[in-house]
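Please read them with the coordinates open.

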Amino acid sequence: MKVIQYYLRFTDWINARFAWIVAFTIIPMLCIMIWEIVMRYFFNAPSLWAYEISLFLYGGYIVLGGAYTYMTGGHVNVDIIWGQLSHRRRAILDILTSSFTFLFLGVLFWVSLEITINSWQLGETTMTHWKPIYYPLRTTLPVGCLLFLMQVLAKLIRDVAIVIKGEEVFSVQVRIP
């Protein structure tokens, strides 16, 4: 039981920490976009790099924040059905549908890991004139998938506990610094 509690606390902690760190990428992304708007519309001098850098930051922002969003219940549910169910029946439905989530994230993790390893070996760059390195962005996908898989497993454990006990035993512990 202690191992399960440790896993749940660790998973919540790591995903909250990643979300807290990744949330700050919005600041440079905002500054880059303001810079690009000023340069493009006031000085008629658009940059080669602003769009790609903001795209890279936003891609990492979305991929690495997915597990935290899942942990806090921010992903979409079909509330017409799910919202009408009791707490225990919601947990049962979540347990049944978690297999699809595991399958999707497992395949996405495996394929993205192969692509990421290949990208690092090749020293992949984008195909634009600026040619920035691409493998750091590629790395965010398998890392994000792994964090998401950890959070799905944590939710599955919590749902099984709800089905067995009838109440939430291992609540989500979210503390962002």
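This is a predicted model: local features need pLDDT of at least 70, side-chain atom pairs count only at pLDDT 80 or more; totals for chains, interfaces and linings use all residues.

1. Salt-bridge count. A search of the whole structure gives five salt bridges. Side chains of opposite charge can pair when their charged atoms come close.

2. Aspartate 12 with arginine 158. The closest N and O atoms of this salt bridge are 2.5 Å apart. Aspartate 12 sits in helix α1 and arginine 158 in helix α6 (residues 135-165), so the pair ties together parts 146 residues apart in sequence. Are the two partners buried or exposed? Aspartate 12 is buried, at 0% relative accessible area. Arginine 158 is buried too, at 7%.

3. Arginine 40 with glutamate 36. Here the closest N and O atoms lie 2.8 Å apart. Arginine 40 is partly exposed, at 39% relative accessibility. Glutamate 36 is buried, at 7%.

4. Aspartate 159 with lysine 155. This salt bridge has its closest N and O atoms 3.1 Å apart. Both residues belong to helix α6, four residues apart, or about one turn of the helix. Aspartate 159 is buried, with a relative accessible area of 4%. Lysine 155 is partly exposed, at 24%. Salt bridges with shared partners join Asp94, Lys155 and Asp159 into one network.

5. Asparagine 15. This residue lies in helix α1 (residues 2-23). Its relative accessibility is 1%, so asparagine 15 counts as buried, the cut-off being under 20%. What does asparagine 15 touch, leaving aside residues up to four places away in sequence? The contacts are Ala67, Tyr68, Leu147 and Gln151.

6. Serine 119. Helix α5 (residues 87-122) holds this residue. Serine 119 is buried, with a relative accessible area of 2%. Not counting residues up to four places away in sequence, serine 119 touches Glu124, Tyr134, Tyr135 and Arg138.

7. Nonpolar patch. Trp20, Ile21, Phe24, Ile26 and Ile27 make a nonpolar surface patch of about 450 Å². The elements giving two or more residues to the patch are α1 and α2 (26-41). Tryptophan 20 lies in helix α1. Tryptophan 20 is partly exposed, with a relative accessible area of 31%.

Terms used. Residues are numbered from 1 along each chain as its sequence is written. Side-chain values use heavy atoms; hydrogens and water are left out. Buried means under 20% relative accessible area, exposed over 50%, partly exposed in between (1.4 Å probe, protein chains only). Contact means heavy atoms within 4.5 Å. Patches are made of residues with over 30% relative accessible area and no salt bridge: like charges are joined within 9 Å, nonpolar side chains (Val, Leu, Ile, Met, Phe, Trp, Tyr) within 5 Å. Accessible areas come from the Shrake-Rupley method with a 1.4 Å probe; for residues, only the protein chains shown count as cover. A salt bridge is a side-chain nitrogen of Lys or Arg within 4 Å of a carboxyl oxygen of Asp or Glu.
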